[in-house]
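Please look through the model below with attention to its charged side chains and to one of its helices. The paragraphs after it go from individual contacts to the setting in which they lie.

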Amino acid sequence: MMNQKLPDSLIEIEKLSVQLSGKTVLDQIDLRINHNEQWAITGPSGSGKTVLAQTIAGGHFHSGNIKYHFYDSGKSQTDIIFVHQQHRFRNLSNRNDFYYQQRFNSTDAEDTITVAQELAISQFGDETILPGFRALDIPDLMRISHLLNEPLIQLSNGENKRLQIARALLRAPRFLILDNPFTGLDADGRNILNGIINRLTEANIGILLIAPPAELPSCITHIAILQNGRMASAGARNEILISPIVHKKHLSQIDHNILSQLHQPPDEEFEYAIIMKKVNLKYGGKIILQDINWEVKKGELWSLSGPNGAGKSSLLSLITADNPQAYANEIYLFDRRRGSGESIWDIKRRIGYVSPEIHLYFHYGASCFETIASGYFDSIGLFRKLSQEQESRVMQWMQALNIQDSLNKKLFEFSTGQQRLILLARALVKNPPMLILDEPCQGLDEEQENQFRTIVTEICHLFNTTLVYTSHYKEQIPASVNKHLELDKGVGTIRY
């Protein structure tokens, strides 16, 4: 029996259907993954990609059949490991109750464990866990050896992603599922991870990626395209990429009258939204920002760019009142110096803010309505009663996003891309005079990106809204942005 030849297929999926909260998310999915094939799942936001991947990994109840042929016995617990797009590590108290400002507070960050503690490689000794790789080789493979003594909460997006994969590899998987692993990574980070994934296939690890076609590593041999929970197409990569399966409908221009209803001009008088003079920021002996001089006038449209770890999020935290080191620097917001008697909430009410940290730490049990409405109070969840006018405006934003029928649907029940759009509405609902949008298009499909850029451009044009926009993808930055602050190793360069 031990010498019995395994079938050619690694995983067989037949008539797979999944319902979540009474809604059919996957409908009659058929897919066959053979040995020596590396697959990617792609498709529009909300098409069911992550749910399909989680179901393959055993994460959802389903109808239909999934057959595994890793061994004669089928599938063991660690044969398939799913690496989430977003992940929250635990602290020294073995709790995951971090808050999104915590990485900017050095004393709070001390409660987080280090990379070495998280991996606990010493327990494996000299054990070979994958063909050609010992446990001791994993940090080098994932290019995180230099980070072993760093606290988890201080890692960049790229470093965090490589740590997640390192944890998964220590469990010796036969099949690894990565949910949008390139999200939030700069060009170098994407290239590094691309090469790592290619090396993993050489170690006979099966790979299933959720990613856009433009970001697929060279090792990917097959592609499955989902649309509205159904399999639109599946097959060899060269055949799928030359077939225009996903047709984008034409995106009409946003009506100025609709925007006028949604976004009234803010009643704010100031000349400069931001002034920074020789701003420095460091944690321990590590310099994060060095002598930053930056002025942003009312109505100006700026991009903030730089590689992972350049200091972008730290610089933004000084503006959004999330970093206590703002008081040790000469910083002016809305013509008033920080530390001159203003409250944190005086600042926050003037800024509409979206960031990966807010998304990661938001209360996912909040409803769609509550999430958008919480933007009035800059809270992670809704804890105060709205006025009738505020309720009306929240509903208008839901109509604009075409989610008015999801009033009480919980945030976690939406796709990642849909969650990001809801958080964008949260940032806009209070008519802020300044928008700070940190990687706002993560998880959005092409149509949603176009729609969002159009909304942002129109709002800034109609109401003279100040904009600071960060993205690792130049094509995601609105064309109207004409001023640029570039960070590299904490040093800023201004370009026009």
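**Salt bridges and a buried helix**

In this predicted model, E486 and R495 form a salt bridge in which the closest N and O atoms are 2.8 Å apart. E486 is partly exposed, with a relative accessible area of 28%, and R495 also counts as partly exposed, at 44% relative accessibility.

The count of salt bridges comes to 10, and another of them joins the side chains of E449 and R453, with an N to O distance of 3.6 Å. E449 and R453 lie 4 residues apart in helix α15 (residues 446-463), so about one helical turn separates them. E449 is buried at 15% relative accessibility, and R453 is buried with a relative accessible area of 16%.

A further salt bridge brings together the side chains of E118 and R167, at 2.1 Å from N to O. This pair links distant parts of the chain, since E118 belongs to helix α3 and R167 to helix α5, 49 residues apart. E118 is buried, with a relative accessible area of 15%, whereas R167 counts as partly exposed at 33%.

Helix α5 itself (residues 157-169) has 13 residues and reaches 19 Å from its first C-alpha to its last, close to the 18 Å expected at 1.5 Å a residue. Because 11 of its 13 residues are buried, α5 is largely enclosed by the rest of the structure. Among these buried residues are G158, E159, L163, I165 and L169, and the buried residues of α5 pack against the strands β5 (80-83), β6 (128-130) and β8 (175-179) as well as the helices α3 (115-119), α4 (138-141) and α6 (187-202).

Methods. Residues are numbered from 1 along each chain as its sequence is written. This is a predicted model: local features need pLDDT of at least 70, side-chain atom pairs count only at pLDDT 80 or more; totals for chains, interfaces and linings use all residues. Side-chain values use heavy atoms; hydrogens and water are left out. Helices (H or I, at least four residues) and strands (E, at least two) are DSSP runs, numbered from the N terminus. The expected span of a helix is 1.5 Å times one less than its number of residues. Buried means under 20% relative accessible area, exposed over 50%, partly exposed in between (1.4 Å probe, protein chains only). Contact means heavy atoms within 4.5 Å. A salt bridge is a side-chain nitrogen of Lys or Arg within 4 Å of a carboxyl oxygen of Asp or Glu.
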